[in-house]
Amino acid sequence: MNRAGNEAVADLSGKTIVLGVTGGIAAYKAISLVSLLAKSGADVHVALTKSAGQFVTPLPFVSLSKNEVITDLFDEPNPREIAHIALADRADLVVIAPTTANFLAKAATGLADDFLSTMLLATHAPVLVAPAMNVNMWNHPTVRSNVARLQQFGYHVMTPAAGNLACGWVGEGRLPEPDEIHAQIVKLLYPVRQDLNGQRIVVTAGATREHLDPVRVLTNPSSGRMGYALAQAAAARGAEVTLITGPTQLQLPSSCRIIRVTSAAQMEQAVLQELPNLQILLMAAAVSDFRPANYIPNKVKKTEGPLQIEFVRNPDILLSVAEQRKAQQFIVGFAAETEHVEEYAKGKLVGKKLDLIVANDVSQVGAGFESDTNQVLLISPNEQVQQLPMLSKMDTANAILDKVHQLFSERTVNE
C-alpha cells in the first residue's frame, strides 16, 4: 500500500485544446507543453503566429500533436470547413503560451489580423493566456490595462514567473514552466469541487487473473481506465480514496491509497477488509466469474487432442458485500453486457441490493474494454434510468460521481 497527497486530475482524454504560440523567445517551451498535453490524452491543435515562426518551426508540434499546425489565416487544410471557425467551435480550451505584449494588445482590442486573433473572436471556449516578456514591458501601464481588460472578458491570465530574463533583466516576465501551465489547464477543464470532501470511498478497478499454471491465466480485456478515472476524480473532489486494483498497465494515481491484488479471491478479501470503514464502494473492476478448479504447479505441455479443464465459480463479491454492509453505506455496481443491457442491469441491481448500477454495452464501439471513452446507463433502485452520452472516461467518472453524490446526500437528509 502507499499514499500521497492530492493532485489534479491529469486525464484530458476527449478534450480538444487549441494552443496558440506567439513570437517570444519562450516559444520553445510550448513544445514541452504540447508533449505534456498529448501524453494526457488531449487532442492538441497548434497555431503559430508569423513571429512565432522566427523562433520555432511547425515540425516538432506536428510530431507531438499528430495534427497539422496552422501558420496562416488562409491555411485551409479541409475545404469543407473554415479552419478558424471549425477550431473555435471544437475547442474545449484555448491556450496562448507564450503571450507577447503585442498579442495581449490585439486580444484586448479585438484586432483580428491573423489566424489566432481571428479564432479568439469566434470561440466560446475559455481562454488561458500565459504572458512572457521583459519585466519593464510587463509592468507598463498599457500592458497591465490590456491584461485587466482581458480578465473582464473572462480570460484566465497566469502571472509570469520571476527570474533571469533572456534580455538580461531580472524580474517578472518569464513564461511559467510547461508543467505549471499544464496544471492550470487541468484545473480549468476539471474545476475542483469539494462535494466529496471527507468521504471514505473504495474503488475497485482492472481485471483479475486466475492462474491455470505458472504461465497461463484466465482474464479479460479490462484496462482499468474507468476505475482509475473514478478514483482520480473522487480524490480531486476531496474524497479519501482507496483504489483496489488488479494488474494494469496504467500509472498508479498518487492521490489514492493503493491495494494491489491479482485474483478474484484476493479482491474479495481486500474489499471485505475495507468494508467496515468505507462510506461509498464503487465496484468498477472486471472480476473473473470462474477459475480453474485446480492450479497446476508446472507448465502444462502441449499434447495431441483437446485439453479439458474444470472450472469452478469465483466468490460473488457484491453478494458478500450485501451480506455484511451497514445500512448507511452506498454501494455501486457495474454491469458490462453485450445484450439486454438495461434488463440485466436491473436484475443485478435488485439481486445484489445495490444503491446504483452503472451499465454499458461493451460490444458498442467506444464503450467497450480498452477504449478512452464510455457510454453508460445509470439505474437507481426506483428504476430511474439516466442515459449518458458518449464521454471520455474522466467525464463519465464525474457524471457517475455526480449521481452518487446526489443519491447519497438525499439518503443522509432523509435519515
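Strand β13 (residues 280–283) and strand β16 (residues 330–337) run parallel and are joined by 4 bridges. Within this pair, Met283 lies opposite Gly333 of β16. The model described here is predicted. Strands of a sheet pair through backbone hydrogen bonds, and the pairing is either parallel or antiparallel.

β13 and β16 belong to an open sheet of 8 strands. The strand order is β12-β11-β8-β13-β16-β17-β19-β20, and the pairing is mixed. The edges are formed by β12 (257–260) and β20 (385–387). Each of these edge strands has a single partner strand, so one side of each has no neighbour in the sheet. From one strand to the next, the twist averages 15 degrees.

A further open sheet contains 5 strands. Its order is β2-β1-β3-β4-β5, with parallel pairing. The partner of β5 is strand β4 (residues 127–131). These two strands pair in the parallel sense over 2 bridges. In this pairing, Val129 stands opposite Val157 of β5.

Attention now turns to the helices. Two packed helices are described by the angle between their axes and the distance between the axes. For helix α10 (residues 264–274) and helix α11 (residues 317–324), the axes come within 10 Å. They cross at roughly 20 degrees. Angles under 35 degrees count as roughly parallel, and α10 and α11 are therefore roughly parallel to each other. The crossing of α10 past α11 is right-handed. On the α10 side, the contact is made by Ala264, Met267, Glu268, Val271 and Leu272. On the α11 side, Ile317, Ser320, Val321 and Gln324 take part. By class, the contact of α10 with α11 comprises 6 nonpolar, 2 polar and 1 charged residues.

A single residue was also examined. Thr118 is placed in helix α5 (residues 115–122). Is Thr118 buried or exposed? Its relative accessible area is 15%. The cut-off for a buried residue is under 20%, so Thr118 is buried. Leaving aside neighbours within four places in sequence, Thr118 is in contact with Leu73, His84, Ala112 and Asp113.

Definitions and conventions:
Residues numbered from 1 in each chain as written. Predicted model: local features only at pLDDT ≥ 70, side-chain atom pairs only at ≥ 80, totals over all residues. Heavy atoms only, no water. Buried < 20%, exposed > 50% of the residue type's maximum accessible area, 1.4 Å probe, protein only. Contact = heavy atoms within 4.5 Å. Axes fitted to C-alpha atoms, helices over the stretch in contact; angles between N-to-C directions. Parallel < 35°, antiparallel > 145°, perpendicular 65-115°, else oblique. Left-handed = near helix turned anticlockwise from the far one by under 90°. Nonpolar A, V, L, I, M, F, W, Y, C, P; charged D, E, K, R; others polar. Pairing = 2+ DSSP bridges.
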